[in-house]
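Work through the exercises below with the structure at hand, and try each task before reading its solution.

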Amino acid sequence: MQLTKNQIIEYLQGANDAALFYQASQLRQKYFGNEIFLRGIIEFNNHCKANCNYCGLRRSNQCTHRYSLSDQEIHHCIEIIVQNNLGTVVLQSGENTREEINRLTKIIREVKKKYPLAITLSLGEHSFETYQKLKDAGADRYLLRIETFNKAIYQNARPQRNLTDRLRCIEDLKRLNFEIGSGFMVGLPGETIETLADNIIQLTEMDLDMIGIGPFIAHPDTPFKNYPSGDYLLSLRTLALVKILNPLANMPATSAMESARTGGRLNSLKIGMNVLMPTVTPASLKGNYNIYPGKNTYLKCDNEILELKTILQNAGFDYSGARGDSLKYLKKNKAQGVKNV
Ligand code: SAH
Ligand code: SF4
């Protein structure tokens, strides 16, 4: 479906929530049915070289207790994902050193030899060569949110970084035939309804396999602590609009939605999202993966996978541990004769 910028703005302003949410959920139903893909996420360390003004892991934040899982601990988390029959592991961290990336590359090789798992990475900005090493080791997918397409807002949120480099990273990942995910935060300081509509349009032009969107949540130990968090309802409308414009993309119900409002993840599924990412980071450490308040702390249980399966069942959804490759990506590679994707 096509929408003009004016139509997008009207929907964002609440012109017809009922129709918007219904259309988005119908599209999910059409392409994915009632099934929610579960992906196990391992936040294997929280060290970061970057200094994003919104994030609790920024290098200048002295209040975060830093940790790094050992090889053995990462393998143990992978075992949990396999035992719970999930087909995708997501490995996420702050922006790490070359040594850490090399260590991860070795682990990816070992895991791919052992299990038919899809491996998704979310490690921030790196060189083409580094991405290539990770791809050669067997990584399948990469998540790198653009955060915002507005240069001024970007510059203000990510000092010493620039939008052009971030876009270049996504181009590199595309060239390497990763399945690509991107997205943005709703409500970064300086955002207007206009810039939000532009984000929606420009993200759609990227023709992505996966799209992750959530509200900005103000973190008390960051320079953005006094800004208001992104609006929950506006985020829900944004998710629905992006689903309508990108019906084939896999879209998670993000934990930032849950931080913004209890039940926010389930509501995101109800309006068309089709992916959930339970964390398998050890319970004793996951609270330190403190990107924003509420991240990893609202489910008080040992096994988030089991907990989320129950929540899904009670809400009338089916869950799936299938690899859940992007429909778009499969189509593209089939057309180009690429095997084993
Ligand atoms: N270091 C990697 C991956 C971890 S951060 C990277 O930056 O790409 C993953 C995502 O968390 C970021 O892309 C950002 O969109 C989101 N995030 C960070 N701080 C946030 C905050 N305060 N509120 C909401 N989302 C946030
Ligand atoms: Fe680091 Fe990612 Fe947080 Fe930025 S958003 S400080 S790159 S972990």
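The exercises that follow concern a predicted model, and each task is answered step by step.

**Exercise 1. Compare the span of helix 3 with the expected span, and find which of its residues are buried and where they lie around the axis.**

Solution. Begin with the length: helix 3 covers residues 71-83, which makes 13 residues, and from its first C-alpha to its last it reaches 18 Å, close to the 18 Å expected at 1.5 Å a residue. Next, look for residues with under 20% relative accessible area, since this is the cut-off for buried; in helix 3 these are I74, C77, I78 and I81. They cover an arc of only 100° around the axis, and therefore they sit on the same side of helix 3.

**Exercise 2. What do the buried residues of helix 3 pack against, and which exposed residues does the face turned away from them carry?**

Solution. Start on the buried side, where the residues of helix 3 pack against strand 2 (40-45), strand 3 (88-93) and helix 4 (98-114). Then turn to the face that points away from this buried side, which carries the exposed residues Q72, H76 and Q83. Finally, follow the chain past the end of the helix, where N85 has a positive phi, near 60°.

**Exercise 3. In which order do the strands of the open sheet with 3 strands stand, and which of them are the edge strands?**

Solution. Read the order across the sheet, which is 8-1-9, with parallel pairing. The edge strands are strand 8 (275-276) and strand 9 (318-320), each of which pairs on one side only. Now take one pair in detail: strand 1, residues 35-38, is joined to strand 9 by 3 bridges in the parallel sense, and F37 stands opposite S320 of strand 9.

**Exercise 4. Is T281 buried or exposed, and which residues is it in contact with beyond its neighbours in sequence?**

Solution. First locate T281, which lies in the loop between strand 8 and helix 12 (283-286). T281 counts as buried because its relative accessibility is 3%. Leaving aside neighbours within four places in sequence, T281 is in contact with I41, I42, E43, Y67 and K286.

Terms used:
Residues numbered from 1 in each chain as written. Chains lettered and ligands numbered in written order. Predicted model: local features only at pLDDT ≥ 70, side-chain atom pairs only at ≥ 80, totals over all residues. Heavy atoms only, no water. Helix = DSSP H or I, 4+ residues; strand = E, 2+ residues; numbered from the N terminus. Expected span 1.5 Å × (residues − 1). Buried < 20%, exposed > 50% of the residue type's maximum accessible area, 1.4 Å probe, protein only. Arc of directions from axis to C-beta. Contact = heavy atoms within 4.5 Å. Pairing = 2+ DSSP bridges.
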